[in-house]
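Welcome, and thanks for taking a look at this one.

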Amino acid sequence: MTQSSGTVMASAAVANLPGTGLGASGSAGVGVPHGAPYVARRRPLRFGYYLGRLVLYGIVLAGAITYAMPFVWMLSTAVKPGYQVYLIPPVWFPETYQWSNFWVPWGNLPFAQFYANTSLVTFFSVTGTLVSSSLVAFAFARMRFRGRDRLFLLVLSTMMLPNQVTLVPLYLLFTKLGWINSLLPLIVPHWFGSAFHIFLLRQYMMSIPLELDDAARIDGASWIDIYWRITVPLARPAMGVVSIFAFTASWNDYLYPLIYLNETKNFTIALGLPLLSSRYVTEIQQTMAQTVLAILPLILVFFLAQRYYIQGVVVSGVKG
Amino acid sequence: MAYLFIAPWLVGFLIFTAGAMAFSLYLSMNDTDLLSMSEFVGVKNYLKAFQQKLFFKAIGVTFYYTLLVVPLGTIVALAIAMMLNQKVEPVAFWRTIYYLPAVVSGVAVALLWGWVLNPEFGLVNQVLKAIGLPGPRWFASEDWAIPGVVLIAVWGTGTNMLLYLAGLQAVSTELQEASRIDGANAWQVFRHVTLPLITPTIFFNVVTNIIASFQVFTTAYVLTQGGPNNATLTMVLYLYRESFQLFHFGYASALAWILFAIILIFTMVLLRSSSFWVHYEGGLRR
């Protein structure tokens with residue numbers, strides 16, 4: 001049990017290496033406060049102190065193993081041949097590795113199509129969110145116009161609205177437009193800005209000195225120039241956070257694709273994945289292998305952009 | 001000029017939010033399905049909800065889920081954050097492990113846990129069996145299906161954990177040291193110094209968690225489709241059934257507004273209650 005989890009954690013540690021600079025960079029993240037004053041206790045308690053630390057590390061490790069275990073279980077199942085899956089007690093390392101779990105289902109269901117659809121939706125949703133939300137955020141952060149603060153309050157209040165209320169009207173609207181069973185309803189709404197991302201970008205853009213705009217204005221730059229040449233490049237970290245959030249949301253989205261798509265060839269991976277367990281005799285090792293593939297992009301992006309991720313989560317929570 | 005910049009949001013707001021809401025309100029007062037469009041019925045759809053057994057079932061399931069997942073998620077997330085805040089090196093590594101489940105959500109997590117909680121061959125029941133405990137039948141049982149969904153949500157509580165960690169790191173160590181010198185023990189320091197100082201974070205998490213738990217859908221739908229015997233029929237699942245499987249658009253719209261009202265009431269009550277237990281440094285109160 002501990003053996004197999006060790007391998008996963010070791011690989012996580014390797015993948016984590018570039019991220020260890022996180023705390024040191026100290027830029028508003030939740031990194032380790034390296035310079036924090038640390039009062040060492042040099043009292044007779046020393047033994048008790050080390051015992052306490054040992055217990056603490058023990059609990060943290062046990063918790064981490066528990067948290068990682070479902071992933072390990074998934075990976076272990078994903079490489080098993082069918083006859084090794086249903087064993088009591090279970091085996092963590094199968095006698096033979098059946099790598100074909102990763103590609104055999106591609107012959108039964110159009111997985112290539114699912115991934116193509118998902119990539120299309122994700123790419124154009126993220127682009128749309130970035131373009132539209134940054135434009136709107138720019139106006140709210142850098143420009144002066146009548147009703148600005150009231151409108152911004154309106155933006156914020158739409159965040160509270162549960163999207164169930166607009167579910168049916170939007171469905172009927174897209175039916176009227178003939179967009180049902182196409183990827184359009186999953187993409188187009190993202191080109192009109194999203195309140196949460198507008199808020200996030202606006203907060204960041206507020207922190208850029210206004211003098212930059214003034215100087216550029218004197219040099220004859222238009223607002224579009226300022227937006228494109230000054231604010232957007234300087235707001236890159238916030239844009240990074242927004243793209244990660246938008247990417248994850250699009251990739252994981254289930255309810256909207258479920259409503260808008262009804263032909264298998266148009267499915268995203270979120271809709272395609274459960275077909276494995278309903279359409280044929282369930283081959284759980286194949287389902288697990290495909291689940292691994294489906295979450296791989298998410299995990300990859302997380303490790304590549306861990307800093308943005310963690311800062312983004314924290315920044316978005318600070319408003320509370 | 002500025003209006004040109006905010007035009008995307010403005011147009012989107014008018015169509016996808018304000019327009020859609022108005023239309024939803026209109027639909028909720030009509031007897032509508034896909035073929036026969038609208039016959040005005042006033043508040044009949046709203047009254048109808050309160051005569052439906054399934055409606056109360058859905059409310060009950062949703063409340064039960066919320067009641068389990070919010071306290072449990074809070075305690076687990078806070079406990080992990082507090083452990084990691086004890087300078088357990090390397091923090092980035094542990095944090096990654098505990099946060100990773102939150103990165104993958106939705107269908108993949110549901111399928112993964114469906115297998116982990118498989119009554120016969122799943123990991124959890126095999127472990128329980130090994131230590132001599134009878135494993136529940138999880139998603140095949142009426143009593144254990146919701147606890148199963150709760151378990152999945154608590155596993156994915158990484159976002160809360162990160163926020164608590166950030167909150168804890170903002171608590172000044174001097175204050176804690178001072179109370180230690182004054183003779184407070186570890187529990188007293190936590191109870192009277194640390195905990196009050198992170199109540200704003202707790203408040204934020206609890207509010208967002210309650211809102212989210214009232215809207216839970218994907219896990220329950222993928223794993224059980226609301227079953228067994230409607231044991232996991234959450235509000236949104238009921239709404240989904242009524243609107244997109246039975247095409248009762250009018251009734252479903254009324255349901256959506258009822259759900260909205262419930263969420264609004266709970267948020268308001270929490271906001272009101274916050275002045276009693278949320279401590280804002282500098283004495284600022286809302």
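In chain A, N181(A) has contacts with L261(A), N262(A), E263(A) and N266(A), leaving aside residues up to four places away in sequence. Please keep in mind that this is a predicted model. Most residues other than glycine have a negative phi, and most peptide bonds are trans. The points below gather some departures from that pattern, along with their surroundings.

**N181(A) and its setting**
- N181(A) sits in the loop of chain A that runs between α8 (167–176) and α9 (184–187).
- Although not a glycine, N181(A) has a positive phi, near 70°.
- N181(A) counts as partly exposed because 15 C-beta neighbours fall inside 10 Å, and the buried class calls for 20 or more.

**The loop between α3 and α4 of chain B**
- K87(B) belongs to the loop between α3 and α4 of chain B.
- The phi of K87(B) is positive, about 55°, and K87(B) is not a glycine.
- Is K87(B) buried or exposed? K87(B) counts as exposed, because it has 12 C-beta neighbours inside 10 Å and the exposed class covers 12 or fewer.
- P90(B) is also placed in the loop between α3 (53–84) and α4 (91–103) of chain B.
- The peptide bond joining E89(B) and P90(B) is cis, with omega about -10°.

How values were computed:
Residues numbered from 1 in each chain as written. Chains lettered and ligands numbered in written order. Predicted model: local features only at pLDDT ≥ 70, side-chain atom pairs only at ≥ 80, totals over all residues. Helix = DSSP H or I, 4+ residues; strand = E, 2+ residues; numbered from the N terminus. Contact = placed C-beta atoms within 7 Å.
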